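Hi,

Here is the structure I promised to pass on. Have a look at it first, and then read my notes below.

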Amino acid sequence: MGGSKSKEPEKPVANLQDASQSLETKIDDLAEKIKKADEEARGFVAKQATDPTAKARAMQALKRKKMYEQQRDQLVNTQFNVENLAFQQEQAQITATTVEAMKAATEKLKQQTAKIGVDQVDKLKDDMEEMAAEMKEIQDALAHQTGGQTEVEDEAAAELEQLYAQQAHEEEVKVAAILAGGGASSSGYAAATVPAATAPAAAAKSAAAPSGA
């Protein structure tokens, strides 16, 4: 239709790894040709006594061998350059990926830093200190004894005093019984040991006792 020309399909971009593999295949092929040419030359040399053309054919085989060796060496050098370029390309890709990752991380860090300012950090610190002080007050309040506990302690102290008084009274009763059974000989001891509240009674019992004369 008209003068329009159909576009030719675009050729795929050459891949360095594929190029290196293709060179490797050609190098192997040349190695086989070199081996074959060497075997031919040796075969003609062995026939030079019986074949007048053996020398010329051996020379042609060796020429082909040298040509193949030159091509092989060139391809080996080319392959090295291709592999070196592939390595550099790989390193460049790694570097680019690393740089992109670092840029993204830096941008994210900037955004996070913008959300958390110095004032917010100071306020957070103040809030934490205030909460710690409140918790201490709560713990002190829980540890403080209530009014009911104080009343219990007072009652226990009063009961303890009563036990001490009861024990003292029992001791006084025992002493009085000893004095009553010992007679006048223990009157001096009674005056010294019996409390003031019981001393008059002890003296009266001593006076009422009959005289030994």
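To start with a side chain you can check by eye: is arginine 42 buried or exposed? Arginine 42 counts as exposed, at 58% relative accessibility. The cut-offs here are under 20% relative accessible area for buried and over 50% for exposed, with partly exposed in between (1.4 Å probe, protein chains only).

Before the rest, some housekeeping. This is a predicted model, so local features need pLDDT of at least 70 and side-chain atom pairs count only at pLDDT 80 or more, while totals for chains, interfaces and linings use all residues. Residues are numbered from 1 along each chain as its sequence is written, and side-chain values use heavy atoms, with hydrogens and water left out.

Now the charged pairs. Searching the whole structure turns up 8 salt bridges, each being a side-chain nitrogen of Lys or Arg within 4 Å of a carboxyl oxygen of Asp or Glu. Arginine 42 is in one of them, with aspartate 38, and their closest N and O atoms are 2.8 Å apart. The two sit 4 residues apart in helix 1 (residues 16-46), which means about one helical turn separates them. Helices are DSSP runs (H or I, at least four residues), numbered from the N terminus.

Another pair is arginine 64 with glutamate 40, where the closest N and O atoms are 2.5 Å apart. This one links distant parts of the chain, 24 residues apart: arginine 64 is in helix 2 (residues 54-115) and glutamate 40 in helix 1. Arginine 64 is partly exposed at 31%, and glutamate 40 is partly exposed at 28%.

In helix 3 (residues 118-143), lysine 136 and aspartate 140 are 4 residues apart, so about one helical turn lies between them. Their side chains meet in a salt bridge at 3.2 Å, N to O. Elsewhere, salt bridges with shared partners join Asp38, Arg42 and Lys65 into one network.

Next, the nonpolar side chains. The largest nonpolar core has 9 residues: Leu16, Leu23, Ile27, Leu30, Ile34, Tyr68, Leu75, Val82 and Ala86. (A nonpolar core is a set of buried Ala, Val, Leu, Ile, Met, Phe, Trp, Tyr and Cys residues joined through side-chain atoms within 4.5 Å.) Leaving aside neighbours within four places in sequence, leucine 75 is in contact (heavy atoms within 4.5 Å) with Leu23, Lys26, Ile27 and Leu30.

Not counting residues up to four places away in sequence, glutamine 79 touches Ser20, Leu23, Glu24 and Ile27. Its side chain also makes a polar contact with the side chain of glutamate 24, at 2.7 Å. For that term, a pair of N or O atoms must lie within 3.5 Å; within protein, one must be able to donate a hydrogen and the other to accept it, and residues adjacent in sequence count only if both atoms are side-chain atoms.

Last, the loop between helix 1 and helix 2. Lysine 47 is found there and is partly exposed, with a relative accessible area of 46%. The C-alpha atoms of lysine 47 and alanine 58 are separated by 9.7 Å, with the two residues 11 apart along the chain.

Cheers
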